[in-house]
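Dear colleague,

I am passing on the structure we spoke about, with notes on what I found in it. Please read them beside the coordinates and tell me where you disagree.

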Amino acid sequence: MGNKGTDDSINWTETILSTLQGATKEETDGEASSTGSLPVKRLRRLVLLSLQMDDSDKSGKKTFKRTVQELEKEGHIDLDADGIVTLKKQKKRKSKEEKKKKKDKKKKKKLNPPSEGEEEKQKKQNAAETEEEKEAVPDKSTSDTVNDKASKNKPCKGNPQGVTRLFLGNLPFAVDEAGLGAFLPGDVTHIKWITDKETGKFYGSAFCEMDNSKNAAEAVAKAGSQLMGRPVKINFAPAREGDIWPPEKKVVSGGGQAGGTGVKAMSEKPENCVKLFIGNLSYDIDDDGINKFFDNVGAEVKAVRWLHHKDSGDFKGCGFVEFWNPEACDKAATLNGKNLLGRPIRIDWTD
């Protein structure tokens, strides 16, 4: 048990169980009583989203299925004929020794009731212990900051890492702070609109900081929901080392993420080159997105080939793009270092 799937950092068992914990019957038949049950397809979708994986990831689906089978075999969950997964309640069993001690204590108390003097002595002792416990409790004013931070990033159902930073893509260009705040659950404490560094044009994507991990998980579960007529992409996006996050102001705009190192120089161009290598891509990129990106400079794409890890099938964040002629390829190369879905794309010539 404890299947970690195709990535050592992913604990599929923990994610599945934490997603089931606290699930309500409302999600299955409209009633509002807590049962820890979910339809298997919805559970799979929530688990893949929480692990920042695409719902169509074949490798992720296989690992999910295998982990569910293992959990059912070991008695942690039930999967019925209607495809409903239910979390089994684990009963805490008292040892025979604990039961015997409790029984003997009751018997002894019944046979030998305490005298008035002993009873008074016991009361004083209990009062002294209570006073000591009160003194041992730390001052609330000195621990509030620590407790707030711990509770904000506390792991929860659908968010086992306790991430509160999100990436949002395919946003309507008319969206504003109030509109985004009304769309997402809980409170949005910070927003960074992704814009072109030179023109200031909004790319339709943003990073936002949620008030706690629970609301962040609920926001990710809304991925695909319509905002002003557009299905919004929502993923967990933990800040990378060197990123300045959250920003000093509540709402900021700019190109991509902090901590960049500038545009890397391209290698020597092959003769009549019609193909480019593209890297540092967002995991939300698709054929339509890359076609639109290069169409901005009039470079029509002929074919796209995405690169995936051999063992896991996970997207590597890079690929190759072929154009119809060298002129289109030259135009596309001018976009090296420009922001695509919040990340500066890396472009280089290739045969």
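Which residues are buried in H1? They are Trp12, Thr13, Thr15, Ile16, Leu17, Ser18, Thr19 and Leu20, where buried means under 20% relative accessible area, exposed means over 50%, and partly exposed lies in between (1.4 Å probe, protein chains only).

Before going further, some conventions. This is a predicted model, in which local features need pLDDT of at least 70 and side-chain atom pairs count only at pLDDT 80 or more, while totals for chains, interfaces and linings use all residues. Residues are numbered from 1 along each chain as its sequence is written, and side-chain values use heavy atoms, with hydrogens and water left out. Helices (H or I, at least four residues) and strands (E, at least two) are DSSP runs, numbered from the N terminus.

To return to helix H1 (residues 12-20), 8 of its 9 residues are buried, so the helix is largely enclosed by the rest of the structure. Its buried residues are covered by elements including strand S1 (37-39), helix H3 (40-50), helix H4 (58-73), strand S2 (77-79) and strand S3 (84-87). At the start of H1, the backbone nitrogen of Thr13 has a side-chain oxygen of Asn11 within 3.2 Å.

Beyond its neighbours within four places in sequence, Leu180 is in contact with Leu168, Leu171, Val175, Ile191, Trp193 and Leu227, contact meaning heavy atoms within 4.5 Å.

His190, in strand S5 (residues 188-195), is buried, with a relative accessible area of 17%. Setting aside neighbours within four places in sequence, the contacts of His190 are with Phe207, Cys208, Glu209, Pro246, Pro247, Lys249 and Lys250.

There are 8 salt bridges, each being a side-chain nitrogen of Lys or Arg within 4 Å of a carboxyl oxygen of Asp or Glu. One of them joins Glu218 to Lys214, with the closest N and O atoms 2.8 Å apart; both residues lie in helix H9 (residues 213-220), 4 residues apart, about one turn of the helix. Another pairs Lys233 with Asp286 (3.8 Å, N to O). Lys233 lies in strand S9 (residues 233-236) and Asp286 in the loop between strand S11 (275-279) and helix H10 (287-295), so this pair ties together parts that are 53 residues apart in sequence. Lys302 also forms a salt bridge with Glu322, the closest N and O atoms being 3.9 Å apart. Since Lys302 is in strand S12 (residues 301-308) and Glu322 in strand S13 (residues 315-323), the pair ties together parts that are 20 residues apart in sequence.

Finally, a word on confidence: the mean pLDDT (the predictor's confidence in each residue, from 0 to 100) is 79, and 73% of the residues reach 70 or more. Over residues 24-34 pLDDT stays under 50, and the model has 18 contacts beyond four places in sequence for this stretch. Where pLDDT is low, the predicted coordinates should not be read in detail.

With best wishes

Methods:
A polar contact is a pair of N or O atoms within 3.5 Å; within protein, one must be able to donate a hydrogen and the other to accept it, and residues adjacent in sequence count only if both atoms are side-chain atoms.
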